Amino acid sequence: MDNADFPGGVCTSRCGSSGTCPSGSTCLQLSTGEYCARSCESGDGCPTGLVCGSGGSAGKVCLAPASAPAMAVSCSTAPVIVNGGVLAAAETAGCVQPIVASTYPATLGTTLALGSHPVGTKVQFQLPAGTTGFTVVSQGSSSNVSKVSAFGSLLPNGPVPTPIQEPNGTFFDYPASFAVPPSDRNLTWSPISPVTGAVTFPNGTSGLQKAAKGLTPGTWSLTVSDLLHECKALQCGDPASGSTANSYDLTVLTRSGGIPERGALDLDIYLVSAGLSAATAPGDPDLRRMLQRVTADFAQAGICLQTVTYYDVPAWARSRWALVNAGPAPAAEPCSEYRQLFTLARPGNAVALFFVDQIAEANAPSGTRLVGYDGAIPGVSTFNGTIAGGAIVSTGDLRKKDACGSTFNTSCGPDVVGETVAHEVGHALGLFHPTESQGGASGEDFDPLTDTPQCLCSLCVSASARANCADQSNVQGQATEVDGASCAQGTQACGGADYLMFWQLTNLSRGNLSPQEGQVMRLNPLVRPL
Amino acid sequence: MSARAAWLALAALLLSGAAPGVPVDPDVAARVDGLLGSYRAVSVAEWQALGPAAAPTLETVARDDAALPTRRARALAALGVVQPASAAPLVRRLVSDLTAPPLLRSAAVDAAPGVLGPDAVAFLAPFLRDADAVVRLRAAEALVASGTTGCRVVMSEAKTRATRDPVARTAERCTEQRTGAPPR
């Protein structure tokens, strides 16, 4: 087996409905299926390449060790930090939903503007020879339905231009079989932004392997669609499921040149926070320490931060967005203050970050404050100024330095802001959380990469908490979540707490990124080969 | 134990921030630590699942002047869920402490109605004139959300403000609530 449970390969066998295990082994549910795992009491007795770890109710079993994170590249120069001055933005009234043009550089690939089309339209596009990847950006009309009632929840009606078909008519991404592990799919969709969104190929292990070989050149096609349309097949329950009333402006960005070994990235940081200014930001020691952390994290992805430009925003914008309400509800609403903030971003090939004083969450216990919130996965790269682009980051901790020493510390304010920036930019460049909080409850709780450690609730949490893992049969109330302490056991099945994209920032966080995470990030349209 | 030793022990407990006499379950403490570091918001149900056993750790963090403001704010919000009685004096102190980080003060304002109950109206009213704009706005929003009495206070204050002032604009929601007009 060579998959997300056994990255690099190991000799074992499937079990459950596929067979039984030999004496001394237990049939264990892992993320990609059921496998025989040999019992053990310590490191002794495990075959070469495996380690003795927690197998949940099976006791100690031999498991794959956690994949090693990527080695950081050495960047020849520190990022250039620039004062971009005051953003020229007239005060807007009401809701805006701009449809913007891409600034994608021709040196990376081609920009194919496909025009505006209603849902259900099949649209062709040309992939030139030597294409490694592509991004489809769908920008919806302001009159589009922006929400979907799906399975009892109100979700953002995100665009999902599917199916995508190869020149020979083969379905590239559809129909997606949920029986196939995420890492074996060509694309993983994440329609979390309403009306406007992007999908970038590759964003998973199978896709990376295809990308390395190059895509078939010729006439490809996609069908304009969104979650509301797909809800007919998914039987979401929305009365308007299958609607073709919405329309989207489509652009395909092609990427050529293979997967670069190293990449370069720029950041545009908009200072909405009251205590910060673009004039003093380049020399601000706390912001410099924050950027050191971002630089160190990105180096693990093979990405060197090149230019960081700080912008002031007009006084009216500072006042309007001093505190931003984020969370699933504002994220699903195109006209929320959170989404409207993103429309301030100026055009350019940089990740747009908005530094605000505070981020609140209306549906959480009153008083809750967040450290950051991302616009979309991936962001609509090179289309700055839409409602979906960029991320917001709280500067509420920036000046708290009681715990700051010479090394990274998750109690040091500038380090936490830096780690949050890196985490949110990771989402913007296409990364998911390696494990979502319930650790395997739905089978879709893991990212589509085989070399990021996972954390399976039923294997990793304490015996008393195990019965309430969401994948168990008698869950009472709130399901158990996999936290940092459970996900730092050194095995592929119970790891990940040290990773940048883990769903929590704890004192176990090390900002690690896997080699495949780095590849996904480096193929984002905002990252240039270096 | 001598009286002096007892006093020192109590002082040490108070200074460390731990609620005296309440044992800290290390498993629960680890889970609280993880949730306080979550990138996404933690729901009421998640905090309720931990129950009062989480209170000592949450109280320690919420009181800790050296802790990060976002973590303290979350701990305070969570304390309002698992043990509101412990949160009440903290909410009062933090809202009133002009030296506390602005983020923490406004978070405490947010938490006040849920923790203080009907007493929140009288407590929050003076903060409609706070020097910090976010504190003023959050106080107005908390009062308006708390019901008729809170609305009356905010509408009275709004009469002293320009129409574009955030407090005045928040007061407009009271009119909308009364007339059933759709929210803007």
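The domain assignment of chain A gives domain 1 (1-65), domain 2 (80-93 + 262-432 + 518-529) and domain 3 (111-256); such domain bounds come from an automatic or database domain assignment. The C-alpha centres of domain 1 and domain 2 of chain A are 41 Å apart. This is a predicted model, in which local features need pLDDT of at least 70, side-chain atom pairs count only at pLDDT 80 or more, and totals for chains, interfaces and linings use all residues. Residues are numbered from 1 along each chain as its sequence is written, while chains are lettered from A and ligands numbered from 1 in the order in which they are written.

**Chain B**

- Chain B holds 11 helices and 0 strands, where helices (H or I, at least four residues) and strands (E, at least two) are DSSP runs, numbered from the N terminus.
- Along the sequence, chain B reads α-α-α-α-α-α-α-α-α-α-α.
- Of the 184 residues in chain B, 49% are buried; a residue is buried if 20 or more other C-beta atoms lie within 10 Å of its own, exposed if 12 or fewer, and partly exposed in between, with C-beta atoms placed from the backbone.
- Where residues of chain B at least 6 apart in sequence are in contact, 57% of these contacts join residues at least 24 apart; two residues are in contact if their C-beta atoms, placed from the backbone, lie within 7 Å.

**The contact between the chains**

- Chain B contributes 40 residues to the contact and chain A contributes 36 residues.
- On the chain B side, the elements that give two or more residues are helix 2 (26-36), helix 3 (44-50), helix 5 (69-82), helix 7 (102-116) and helix 9 (133-146) of chain B.
- The side of chain B that touches chain A has 25 nonpolar, 9 polar and 6 charged residues; Ala, Val, Leu, Ile, Met, Phe, Trp, Tyr, Cys and Pro count as nonpolar, Asp, Glu, Lys and Arg as charged, and the others, Gly among them, as polar.
- A:G484 is in contact with B:G34 and, leaving aside neighbours within four places in sequence, also with A:A497, A:Q504, A:T506 and A:L508.
- A:G484 sits in the loop between helix 9 (463-466) and helix 10 (515-522) of chain A, and A:G484 is buried because 25 C-beta neighbours lie inside 10 Å.
- The C-alpha atoms of A:G484 and A:C494, 10 residues apart along the chain, are separated by 9.9 Å.

**Strands of chain A**

- Strands of chain A in the order 7-13-11 form an open sheet of 3 strands with antiparallel pairing; two strands pair if DSSP finds at least two bridges between them.
- Strand 7 (122-127) and strand 11 of chain A are at the edges with a single partner strand each, so one side of each has no neighbour in the sheet.
- Strand 7 of chain A runs antiparallel to strand 13 (residues 218-223) of chain A, with 6 bridges joining them; A:V123 has A:L222 in strand 13 as its bridge partner.
- Strand 3 (residues 51-54) and strand 4 (residues 60-63) of chain A pair in the antiparallel sense over 4 bridges, and A:S54 stands opposite A:K60 in strand 4 of chain A.

**Helix 1 of chain A**

- In helix 1 (residues 205-213) of chain A, the buried residues are A:T205, A:S206, A:G207, A:L208 and A:A211.
- They pack against strand 8 (131-140), strand 12 (196-201) and helix 10 of chain A.
- Just after helix 1 of chain A, A:G214 has a positive phi of about 95°.

**Backbone features in loops of chain A**

- Most residues other than glycine have a negative phi, and most peptide bonds are trans.
- A:Q235 has a positive phi near 55°; A:Q235 lies in the loop between helix 2 (227-234) and strand 14 (247-256) of chain A and is exposed, with 10 other C-beta atoms within 10 Å.
- A:T382 has a positive phi near 75°; A:T382 lies in the loop between strand 20 and strand 21 of chain A and is buried, with 26 C-beta neighbours inside 10 Å.
- A:P378 is in the loop between strand 20 (372-374) and strand 21 (391-394) of chain A, and a cis peptide bond with omega about -10° joins A:I377 to A:P378.
- The peptide bond from A:T162 to A:P163 is cis, with omega near 5°, and A:P163 lies in the loop between strand 10 (153-156) and strand 11 (164-165) of chain A.
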